[in-house]
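Please view the structure below before reading on.

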Amino acid sequence: MKLGVNIDHIAVLREARRINDPDPLQALGICQRAGADQITIHLREDRRHIHDDDAAAILRHSPLPVNLECAVSGEIIDFVSTHRPLRATIVPEKREEVTTEGGLAVTDEPRGFREVIRRLHEAEIEVSLFIDPHPDAVLAAKDLGADWIEFHTGRYANIHAMLYGNLRHTRHSIPELELPRSELKRMLDEELETLRRLAEHARGIHLRVAAGHGLNYQNVAPVAAVEAIEELNIGQSIVARSVFVGLERAVREMRKIIG
């Protein structure tokens, strides 16, 4: 299992005070030393954390391959095509969202997706589509010519947090998941089985499979055990853990869990 460490939240800490510290660039060598396989960053249209100069510097200096998450936006695609990361992961964006809320609507406006994928392939960039675990989305990604898919694991993570964590007792409780534990357990098993089944299907039609969103030290092991998933991209939980134990140890601990 490969581990991509998303370092956006280092930039979130920096932007909270609008100063130069902490610098995401300093994370690169630490992540490599701790056993990460990839650096993941998200260059959002609103530039709420990673900025263009961050992305350019990370791409120039990273000792690890870089996976650059981005929306289907002309200026962003221009930037990605010019700077040429190993991979671009196309994600949906809403200005008002706290974090990415779901997968791409890949069955909508296929012409636009095809053109973006064509441009990125011309720049010799691998293309991944960030999708919900749904069979139609998998087939659409294949039809559009993507090299990878990345399953949005937010629903799995939310169910797990409501079932095994303390989330239901906080102001962040998810009302639609305030259900009996037996029902949440059934839903969690179903969500994990869906990930297994669709990952196998995707691999069978020659799509490479990653997963990410909401994965943490408590919930990641069952997802990491899905054989057809070859990469996990994890950010917030690692950076949050690093506040207490340091980034190198936080990455090593995640590396140990996922195998």
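Helix H7 and helix H8 are roughly antiparallel to each other, a label for angles over 145 degrees. The model is predicted, so local features need pLDDT of at least 70, side-chain atom pairs count only at pLDDT 80 or more, and totals for chains, interfaces and linings use all residues. Residues are numbered from 1 along each chain as its sequence is written, and side-chain values use heavy atoms, leaving out hydrogens and water.

**Helices H7 and H8**

- H7 covers residues 154–164 and H8 residues 181–204; helices are DSSP runs of H or I with at least four residues, strands are runs of E with at least two, and both are numbered from the N terminus.
- Their packing angle is about 150°, and their axes lie 9 Å apart; axes are lines fitted to C-alpha atoms over the stretch in contact, and angles run from 0 to 180 degrees between N-to-C directions.
- Residues of H7 including Ile 159 and Leu 163 meet residues of H8 including Leu 184 and Leu 188, where contact means heavy atoms within 4.5 Å.

**Helix H5**

- The end C-alpha atoms of H5 (residues 110–122) are 18 Å apart, which agrees with the 18 Å that its 13 residues should span at 1.5 Å a residue, counting one less than the number of residues.
- Phe 113, Val 116, Ile 117 and Leu 120 are the buried residues of H5 (under 20% relative accessible area, with exposed over 50% and partly exposed in between, for a 1.4 Å probe and protein chains only).
- These buried residues fall within an arc of 100° seen down the axis of H5, so they line one face of the helix; the arc is that of the directions from the helix axis to the C-beta atoms.
- Exposed residues Arg 111 and Glu 122 sit on the face of H5 turned away from its buried side.

Definitions and conventions. Parallel < 35°, antiparallel > 145°, perpendicular 65-115°, else oblique.
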